[in-house]
Amino acid sequence: MAERTFDLPDLGEGLQEATVLEWLVAEGEHVERNAPLVEVETTKSAVELPSPQSGVVARFHVAEGEVLEVGAPLVTFTVEDEQAGIVGTVPVEEAPRRRVRLSLPED
Amino acid sequence: MHIHAEHHPGPDPVLLVHGFASTGAMTWEATGWVRALAEAGRGAIVPDLRGHGASDAPHDPDAYSPELLARDLLAVLDEHGVERVDVMGYSMGSWVSLALVALAPSRVRRLVVGGVGTVEQFGHWGVAAVQAALRDASTELDADSPLAPLLASLRQAPGVDREALAACAAGMAVHPLPLSSSVPTMLVVGEADPVTEGAEDAARLLGAQLVVLPRRNHVTTLSARAFKQAALPFFGAPIPVS
């Protein structure tokens, strides 16, 4: 067994950080890929992030109510050895056309 | 009038109606609602209201009222061949959904509305002030207004049709809130959301079951698991014989 850590993804709109509102799974619990993982709040919206993979949640890196910077560790899973060592990010549901209409300048 | 709507295939789709200055995708997809409905075995129809997202955006205030926006929803239902649906609206989308019930009660099976009380927000904070804050960065709304942070972020966002939003605010404000419902209704509000002032009275007028989410504000109510845990069983409940 090995561990695999996922970072807070870029949520778009030029946002640099997010507040964890509620974990939707518990440490030690098995979660399916794409099942609800965590709910986060930015200055502009609230977003539910799906799990990037199936596995057992080893530990959270941030508690509910705490602020996390984009790219900082969010959650670590326990995975089978052959899945370890892959760098990944939590997938974000994109709605490109409409999201672009509301996005801030990248700089 | 072109109204854009995303159709997420699945049995018995729920019509999801977003609020002011948002889009169907921001309100219902990013917050996990479409996924939660899919897990519950339901599809979703997710329109962008006129003036918003990928739908047409007239700049005339007379083009906006709860009833006119509700007529757009009827057209979307017709286009998708859906005779009768469960409907969920949030914030301004709640007023549009209630107008839909008034307009075509036979088309709505059950209704969940959220993020509203008895106070029409545009009129309450002043249409002229809202419009000025939309158009001009040097104008600030009363800092207590729950609309202030929304308008501040909108001003910086390229691509948003601020004139359409200004017209929408003006048009909606001159119409009375449709505070009645003839179908089974649930009202969900955040405990920390000032927009929902009068929610208990609103629930009484609507004959609605009231659900209050602790610590949630106008934004974070939308993504709350507790909201989904309240609404999904309500939509899954047996349909009362009328």
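**Figure 1. A:Val56 and A:Thr78 are bridge partners in the sheet of chain A.** In this predicted model, the residue of E8(A) that pairs with A:Val56 is A:Thr78. Strands here are DSSP runs labelled E with at least two residues, helices are DSSP runs labelled H or I with at least four residues, and both are numbered from the N terminus. E6(A) and strand E8 (residues 73–79) of chain A run antiparallel and are joined by four bridges. Two strands count as paired if DSSP finds at least two bridges between them. A:Val56 is also the bridge partner, in E6(A), of A:His30. Strand E3 (residues 30–31) of chain A and strand E6 (residues 55–60) of chain A run antiparallel, with two bridges between them. Strands of a sheet pair through backbone hydrogen bonds, either parallel or antiparallel.

Residues are numbered from 1 along each chain as its sequence is written, while chains are lettered from A and ligands numbered from 1 in the order in which they are written. Because the model is predicted, local features need pLDDT of at least 70 and side-chain atom pairs count only at pLDDT 80 or more, whereas totals for chains, interfaces and linings use all residues.

**Figure 2. The open sheet of chain A has four strands.** Their order is E1-E8-E6-E3, with antiparallel pairing. Strand E1 (2–7) and E3 of chain A are the edge strands, each pairing on one side only. E1(A) runs antiparallel to E8(A), and six bridges join them. Within E8(A), A:Thr76 stands opposite A:Thr5. Chain A as a whole has one helix and eight strands, in the pattern β-β-β-β-β-β-β-β-α along the sequence. Of its 107 residues, 28% count as buried. A residue is buried if 20 or more other C-beta atoms, placed from the backbone, lie within 10 Å of its own; it is exposed with 12 or fewer, and partly exposed in between.

Figure 3. What is the phi of A:Asn34? It is near 75°, a positive value in a residue other than glycine. A:Asn34 lies in the loop between E3 and strand E4 (36–41) of chain A. It counts as partly exposed, because 15 C-beta neighbours lie inside 10 Å. B:Ser91, in the loop between E4 and H4 of chain B, has a phi near 55°, again positive in a residue other than glycine. B:Ser91 is buried, with 28 other C-beta atoms within 10 Å. Most residues other than glycine have a negative phi.

**Figure 4. Helix H4 (residues 92–103) of chain B is mostly covered.** Ten of the twelve residues of H4(B) are buried, among them B:Met92, B:Trp95, B:Val96 and B:Leu100. What covers the buried residues of H4(B)? The cover includes strand E2 (14–17), helix H3 (66–79), strand E4 (85–90), strand E5 (108–114) and helix H8 (162–173) of chain B.

**Figure 5. B:Val96 belongs to the largest nonpolar core.** A nonpolar core is a set of buried Ala, Val, Leu, Ile, Met, Phe, Trp, Tyr and Cys residues joined through C-beta atoms within 7 Å. Of the 70 residues in this core, B:Leu15, B:Leu16, B:Val96, B:Val130, B:Leu187 and B:Val188 touch the most other members. A second, separate core of 22 residues includes A:Ala18, A:Leu37, A:Phe77 and B:Tyr90. Two residues are in contact if their C-beta atoms, placed from the backbone, lie within 7 Å. Leaving aside neighbours within four places in sequence, the contacts of B:Val96 include B:Val17, B:Leu49, B:Pro66 and B:Leu73.

Figure 6. B:Thr27 is in helix H1 (residues 24–29) of chain B. With 28 C-beta neighbours inside 10 Å, B:Thr27 counts as buried. How far apart are the C-alpha atoms of B:Thr27 and B:Leu222? They are separated by 7.3 Å, although the two residues are 195 residues apart along the chain.
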